[in-house]
Every structure is written in structure tokens, then in C-alpha cells.
Amino acid sequence: QVQLVESGGGFVQAGGSLRLSCAASGGTFSSYAMAWFRQAPGKERECVAAITRSGRSTYYAGSVKGRVTISRDNTKNTVYLQMNSLKPEDTAVYYCAADSIISPSLVLTTTTAYDYWGQGTQVTVSS
């Protein structure tokens, strides 16, 4: 069973950048598809970005495409979310998620696809 710990959230002005990190432990990191989700108050949890086990394929939500980059370092058991040109509507709790998956090329984008979740990190963007 894998444990996930997010870091890097904080308070930033609109137009600024943040880099979130998610450190995994307790499992074979390279066997997990990974993703970042976010949940704003009163809204459903949504997938922001996802990445395959190999890191070769990614998915981005339309609302963040062009501003966000997901990446992973399988040697450091860490997945990252680089967020640029942040907007107030990006304000949310950001969660890291992992799922053990056989296929190295499958991107998972739904909450029900993921078995393991971090505790979340708050991102607040002021206007």
C-alpha cells in the first residue's frame, strides 16, 4: 500500500506560479498511474492532470491546459504539478492520487479509478 504526501501549496497572487510535489512511499512507484485532483468549496473533486506509469502520456483538464505541467520522477518516487499563470479560480485543495495499474500507457482521470489519496494541500490565488 502506498502513502502519498503533498507539499508546495500556498498563497499566491494571480499570475504567479506554484510547484506541487507528491512523495510516495510504501509501494513500487513505477507501477502506479498518478494524478492531481482539486476540490474547491461546494464543488466536486475534479482531475487537473494525470500521467501514465511511464510518464510518456499525460492528460490535462481544459481549464488548466497550457498553464500546468504534470511530471514524475520514478527514481525519486515523486510526482509534480507545475502551475503557472495562476487564476483565482484555481483556488482549491489539491490532492495527489495513485492507482496500481498493469498498463504502462493508460491515463486515469476519474476519482473512482484511484485507490490511494494524499491529505491534500491548499492553493489560494488572490486577484
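Before anything else, I wrote down my rule for a polar contact: a pair of N or O atoms within 3.5 Å, where, within protein, one must be able to donate a hydrogen and the other to accept it, and residues adjacent in sequence count only if both atoms are side-chain atoms. The model is predicted, so I noted that local features need pLDDT of at least 70 and side-chain atom pairs count only at pLDDT 80 or more, while totals for chains, interfaces and linings use all residues. Residues are numbered from 1 along each chain as its sequence is written, and side-chain values use heavy atoms, with hydrogens and water left out.

**Entry 1: the whole chain**

I started with the secondary structure, taking helices (H or I, at least four residues) and strands (E, at least two) as DSSP runs numbered from the N terminus. The protein chain has 11 strands and zero helices.

Next I checked the overall dimensions. Along the principal axes, the C-alpha atoms fill a box of roughly 40 × 30 × 25 Å.

I then looked at burial: 45% of the 127 residues count as buried. Here buried means under 20% relative accessible area, exposed over 50%, and partly exposed in between (1.4 Å probe, protein chains only).

For contacts I used heavy atoms within 4.5 Å. Of the contacts with a separation of 6 or more, 62% are between residues 24 or more positions apart.

**Entry 2: R38**

Where does R38 sit? I found R38 in strand β4, residues 32-39. R38 counts as buried because its relative accessibility is 7%.

What does the side chain of R38 make polar contacts with? I noted the side chain of D90 at 2.9 Å and the side chain of Y94 at 3.0 Å. Not counting residues up to four places away in sequence, R38 also touches others, including E44, E46, V64 and V93.

**Entry 3: N74**

I moved on to N74, which lies in the loop between β7 (68-73) and β8 (78-83). Is N74 buried or partly exposed? With a relative accessible area of 30%, N74 is partly exposed.

The side chain of N74 has a polar contact of 2.7 Å with the side chain of R72. A polar atom of the N74 side chain also lies 3.4 Å from the backbone oxygen of R53. Leaving aside neighbours within four places in sequence, I listed F29, S30 and R53 as the contacts of N74. I also checked A24, 50 residues from N74 along the chain: the two C-alpha atoms are separated by 9.9 Å.

**Entry 4: two phi angles**

Last, I looked at backbone angles, remembering that most residues other than glycine have a negative phi. N77 is not a glycine, yet its phi is positive, near 55°. N77 is in the loop between β7 and β8, and counts as partly exposed at 27% relative accessibility.

S85 is also not a glycine and has a positive phi of about 50°. I placed S85 in the loop between β8 and β9 (92-100). S85 is partly exposed, because its relative accessible area is 41%.
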